Amino acid sequence: MKPPSGSVSRQIKLFRWGISLLSLLILTVVAFLLGMSAGELDISVWDVPRIMTEKEGVDYVVLTQIRLPRIILAIAAGGGLSLSGAVLQGIYRNPLVEPFTLGISGGAALGVALAIVFTLPAVLGAFALPLAGFAGALLAIVFVYVLGARFGQVNVNNMLLIGVMVSFVSSSLMMLMMSLATARSLHSIIFWMMGSLDEPNAMLIRLTLFVSVTSLVIAGFFSRSLNALRLGEANAWHLGVNTGLTIRVMFILASLVAGVCVASTGVIGFVGLVIPHLVRVLAGSDYRILLPASFLGGGIFLIICDAIARTIIAPNELPIGVITGIAGGIVFIVFLSRSKSTLKVN
Amino acid sequence: MSGFLTVQNFSCGYGDKFVLRNVNLEAGRGEISGIIGPNGSGKTTLFRGLTGELPARSGEVLLNGRNLRQMSFNERARSMAVVAQHVFATDVTVEEYVLMGRLPHRKQFQLFETREDYEIAHHYMQLTNVYGLRNKLMSKISGGEQQLANIARALTQQPELLLLDEPTSHLDITHQVQILNLIQKLNEEMKLSVLMIIHDLNLAGEYCDYLVMLKNGQPFKQGLPDEVLNYQVIEQGYKTVVVVQPNPVSHKPAVFLVSDKILKQKKEASGQGEGQDQSGKDF
């Protein structure tokens, strides 16, 4: 029997996590530079730092006014959606749950469709659609939460089923709205639904970034409780985790951050599903590494997808939801078949 | 009996249905107490009530004189560690799993285990013989090894009371004996108080210092194994005819079952046959 070597295993673990985070940070910087250089106006990756420090010329305006806001929004929304997926998959102990399975995007899309059909933007201005989207998402969340968590007991399976139902009902209502809408409204609804990082409102970008970074920090404080929930609710309870509170707070947090992201970018699917799974395979399922790594991974993924969406048929732009779906799906399938690993949550 | 764990007028159940009504129980400090009883007698409900998983409808559970209901979540997990029947065989290594026992000892907002946490976990992993498995995934080790890791995790909580829900079910006799010998050793060397639900009456008689037999949500009989594992008590409690004889080596009560066919033959032969034979051959 070897002597206790507590400090050694501890150092190995912390070292591995440090390396994982460091590589993701480096990748974020690389993706950032690629995202800054990609686009209609040809700017070399190597010129980006120089242009940013010189602070003059057309290039500088393009970088700071057009590309930088998109990249920041990509980090905020990609990170937020991915974080939300990681947290939801943990509390539901189900690998297929993502923010959109729970009716959050359905509710948001319905809210936006209603706003467009009733010409709310004319009344409320630029904030109308995000606001309507967020209200719709919030309504879906309240539905799922109140119906799923009645009698003071949180029933995770109930919540999941109700979420799926909310999702179905709202997509049917969406179709009803679309069949009644005028051609112009229809176009706006479809455009919004496909998702875009092109957000002219700097305030909204800042808000999204603030919400997703704050959520990361809050979820981080719950990471050891989330780890315990991997052993099942009863076992987590025995370890002194207030399981009811943890599940409630994490559900509300994950839904809110997803709601804000959807409201500001439209429906960008797949990020919340694929990225946490890739991170689980690469960095492990411990929530202390899974949460920050999913956040960074989601950001990197969305920056790259946006860069592709902007360049592939330039000067036109593809909807980013199309790219995330295709690229994410292919990467995921290739990865799964290569690594011989199965979908795992725990 | 010092009444280390005291259950007073305890009632609990599911939905509108009460399973336990006004149960009174005591388990002694430093003893191994066993809860036995037929299926549906309320053993699991009592267990879930004691851990607080199932909220009590009325009554109190006192641990060392302190009311469980007034303890914080972490305090409860520091004084009482639970080895549940179902280990979720998740993709955690044995080491990570055992380390989770340090969770109730964490300070608020403490994200990482300390060096001391690792040392405590490793100590109990060595004690339970799972140190060599520490880098294996929980899902990749055997049921017996999982149960040992489970006990290591519970010990890492450094509790005053260890609660086990049928620790030997689904295990072969090698592992049954290994687990129960370990529990006995911990009880003796660490003066750890143990309360376990145990299905097997022979193991209950062999390893427990005190037994409580539940029937219809009530303690039907409690006392020393000799008093509870008596053929009349078992016949009433389980509605089954048994033969009880002392184990020739340990002299603890051992329970034998007899088939209906043999019982009938015996009855016909003796004309007054009871399912009893307390003659107890000397060994």
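**Sheet, helix pair and chain contact in the predicted model**

In chain B, six strands make up an open sheet of mixed pairing, ordered β6-β7-β8-β3-β9-β10 (strands are DSSP runs of E of at least two residues, helices runs of H or I of at least four, both numbered from the N terminus; two strands pair if DSSP finds at least two bridges between them). The model is predicted: local features need pLDDT of at least 70 and side-chain atom pairs pLDDT 80 or more, while totals for chains, interfaces and linings use all residues. Residues are numbered from 1 along each chain as its sequence is written, and chains are lettered from A and ligands numbered from 1 in the order in which they are written.

The edge strands of this sheet, β6 (80-83) and β10 (218-223) of chain B, each pair on one side only. Strand β3 (residues 32-36) of chain B pairs with β8 (residues 193-197) of chain B in the parallel sense over four bridges, and B:Ile35 stands opposite B:Ile197 in β8(B).

In chain A, the axes of helices α3 (residues 58-92) and α12 (residues 243-265) come within 9 Å and cross at roughly 150 degrees (axes are lines fitted to C-alpha atoms, for helices over the stretch in contact, and angles run from 0 to 180 degrees between N-to-C directions). α3(A) and α12(A) are therefore roughly antiparallel (angles over 145 degrees). The residues of their contact comprise 16 nonpolar, four polar and no charged (nonpolar: Ala, Val, Leu, Ile, Met, Phe, Trp, Tyr, Cys and Pro; charged: Asp, Glu, Lys and Arg; polar: the others, Gly among them).

Chain A contributes 26 residues and chain B 27 residues to the contact between the chains (residues are in contact if their C-beta atoms, placed from the backbone, lie within 7 Å). On the side of chain A that touches chain B, nine residues are nonpolar, 12 polar and five charged.

Definitions and conventions:
Parallel < 35°, antiparallel > 145°, perpendicular 65-115°, else oblique. Contact = placed C-beta atoms within 7 Å.
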